[in-house]
Amino acid sequence: PRQPSHPTGELAAMCLIIQSFHDHAGEDELLDKTELKRLLKTEMPGLLFSLDDQGSADKMSFPEYMTLMASFACACQGQVKSMM
Ligand SMILES: [Ca+2]
């Protein structure tokens, strides 16, 4: 099949995740706790998270953020399905 000129599906979702990480992380390219809370509140307002359970790292790199997103996705499958 022909490649779409704009990313769609999973690729579009990955682009959005990468973009929003960088938008919120700022120049140091790390998410501190305030930036992480703002990202979750802005980008995922319908989902409820307990950040207290997410380890104690003060700043999160992109790979660490993706690990957190993967665990959120697993934990919220039912919640997200009911929103679709
Ligand atoms: Ca930052």
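Which residues does phenylalanine 21 touch, not counting residues up to four places away in sequence? Keep that in mind as we walk through this predicted model; the answer comes once the overall layout is in place.

Let us begin with confidence. The chain has an average pLDDT of 85, and 83% of the residues score at least 70. Strand β1, residues 31-32, is where confidence is highest, at 95. At the other end of the scale is helix α4, residues 77-83, where confidence is lowest, with a mean of 78.

Next, the layout. The chain holds 4 helices and 2 strands, and reading from the N terminus their order is α-β-α-β-α-α. Of the 84 residues in the chain, 7% are buried. If you take the contacts between residues at least 6 apart in sequence, 46% of them join residues at least 24 apart.

Now to the opening question. Phenylalanine 21 touches Leu31, Phe62 and Tyr65, leaving aside residues up to four places away in sequence. Two of these names return in the largest nonpolar core, which has 6 residues in all: Phe21, Ala25, Leu31, Leu36, Met60 and Tyr65.

From here, turn to helix α1, residues 9-25, where isoleucine 18 is found. Is isoleucine 18 buried or partly exposed? It has 13 C-beta neighbours inside 10 Å, so it counts as partly exposed, since being buried takes 20 or more.

As for handedness, α1 passes α2 in a right-handed crossing. To see where the two helices meet, look at Ser20, His24 and Ala25 on the α1 side, and at Glu35, Arg38, Leu39 and Glu43 on the α2 side.

Finally, follow the chain into the loop between α1 and β1, where glutamate 29 has its place. Its backbone deserves a look: glutamate 29 is not a glycine, but its phi is positive, at about 55 degrees. Glutamate 29 counts as exposed because it has 11 C-beta neighbours inside 10 Å, and the exposed class covers 12 or fewer.

Key:
Residues are numbered from 1 along each chain as its sequence is written. This is a predicted model: local features need pLDDT of at least 70, side-chain atom pairs count only at pLDDT 80 or more; totals for chains, interfaces and linings use all residues. pLDDT is the predictor's confidence in each residue, from 0 to 100. Two residues are in contact if their C-beta atoms, placed from the backbone, lie within 7 Å. A nonpolar core is a set of buried Ala, Val, Leu, Ile, Met, Phe, Trp, Tyr and Cys residues joined through C-beta atoms within 7 Å. A crossing is left-handed if the near helix is turned anticlockwise from the far one by less than a right angle, and right-handed if clockwise.
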